[in-house]
Amino acid sequence: MTHVPLSNTSSSIDLDWFPKKSQKQLILIEVSKIKDEIHRLINLDSIDLTLEEIYFQDQIYRDSINTVANLDKPDIKRLYQKMELFDKMNSEIAIKLLRKSSWPKTKRMSKEAQEALCLVAIHNNTKELNQLVSAYLDRAYYIDSSFSAFMFAAVSDRLSLRAGGDYIYGTLRFKKEKYNRTEIAQINKNRSILGLDNL
């Protein structure tokens, strides 16, 4: 029997029997494509575009979950899957950027670019990322970058809590009722140094 190439018979073949990719496989393909594009931007030294893409991938699924009304359970599950996978991607890329040239100088970049690594640090808990962010955060805030005082405070709190410490600035999921007056007074003192309002 002579083999007929598929290209000559594609119009007459029913391809429905081919294995279908699962939702997770499709998401992984999407993540892989975006990761390749971000690595291309890094190699071209387009750090501002890299950071803006990181910011977008960090926020888009969180925004959808929190703001889109009447999402059904399958949609919510899919969005959480995407968020987790893109968070992992962002963490890997952030580590690569920080290893390569410490915290990028973002003073002349967009707000999104300035905040991107802060959001990655808040939403990802890996030992190497925590260490790198801890090493560069102060210099980035006071000298090289222009992210907000709140972002600095939020990242500082997150790193402190992960290291077994306490809140420094009372951000994120801080619950004031769990702290005494002396502790709140110290937190407010720390906040005032950054120009943040008292709790």
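**Helix 1 and its surroundings**

Author: Start with a pair. Helix 1 and helix 2 have axes that come within 8 Å and cross at roughly 155 degrees. That makes helix 1 roughly antiparallel to helix 2. Angles over 145 degrees count as roughly antiparallel, under 35 as roughly parallel, 65 to 115 as roughly perpendicular, and the rest as oblique. Axes here are lines fitted to C-alpha atoms, for helices over the stretch in contact, with angles from 0 to 180 degrees between N-to-C directions. Helices (H or I, at least four residues) and strands (E, at least two) are DSSP runs, numbered from the N terminus.

The model is predicted, so local features need pLDDT of at least 70 and side-chain atom pairs pLDDT 80 or more, while totals for chains, interfaces and linings use all residues. Residues are numbered from 1 along each chain as its sequence is written, and side-chain values use heavy atoms, without hydrogens or water.

Now the residues of that first pair. Helix 1 brings Glu 30, Ile 34, Ile 38, Leu 41 and Ile 42. Helix 2 meets them with Leu 49, Thr 50, Glu 53, Gln 57 and Tyr 61. Contact means heavy atoms within 4.5 Å.

Look at helix 1 by itself. Helix 1 covers residues 23-43, which is 21 residues. At 1.5 Å a residue, helix 1 should span 30 Å, and its end C-alpha atoms are 30 Å apart, so the two agree. The expected span is 1.5 Å times one less than the number of residues.

Six names are buried in helix 1: Ile 27, Val 31, Ile 34, Ile 38, Leu 41 and Ile 42. Seen down the axis of helix 1, these buried residues fall within an arc of 95 degrees, so they line one face of the helix. The arc is taken from the directions from the helix axis to the C-beta atoms. Buried means under 20% relative accessible area, exposed over 50%, and partly exposed in between (1.4 Å probe, protein chains only). On the other side of helix 1, Lys 33 and Asn 43 are exposed.

What does the buried face touch? The buried residues of helix 1 pack against helix 2 (47-67) and helix 3 (73-101).

Check both ends. Lys 21 sits in the segment before helix 1. Lys 21 is exposed, at a relative accessible area of 52%. Setting aside neighbours within four places in sequence, Lys 21 contacts Leu 26 and Ile 29.

Next, the two partners of helix 1. Helix 2 and helix 3 pack at an angle of about 155 degrees, with axes 9 Å apart. That makes helix 2 roughly antiparallel to helix 3. Their crossing is left-handed: the near helix is turned anticlockwise from the far one by less than a right angle, whereas clockwise would be right-handed. From helix 2, the contact includes Ile 47, Leu 51, Ile 54, Tyr 61 and Ile 65. From helix 3, the contact includes Leu 79, Met 83, Phe 86, Ile 93 and Leu 97.

The loop between helix 2 and helix 3 holds Asn 70. Its phi is near 60 degrees, a positive value in a residue other than glycine. Asn 70 is exposed, with a relative accessible area of 80%. Further on, Ser 102 lies in the loop between helix 3 and helix 4. Phi of Ser 102 is also positive, near 55 degrees. Ser 102 is partly exposed, with a relative accessible area of 24%.

Glu 115, in helix 4 (residues 111-123), is buried, with a relative accessible area of 10%. Beyond its neighbours within four places in sequence, Glu 115 contacts Tyr 55, Phe 147, Ser 148 and Met 151.

Finally, helix 4 and helix 6 (residues 149-162) have axes that come within 9 Å and cross at roughly 25 degrees. That makes helix 4 roughly parallel to helix 6. The crossing of helix 4 and helix 6 is left-handed.
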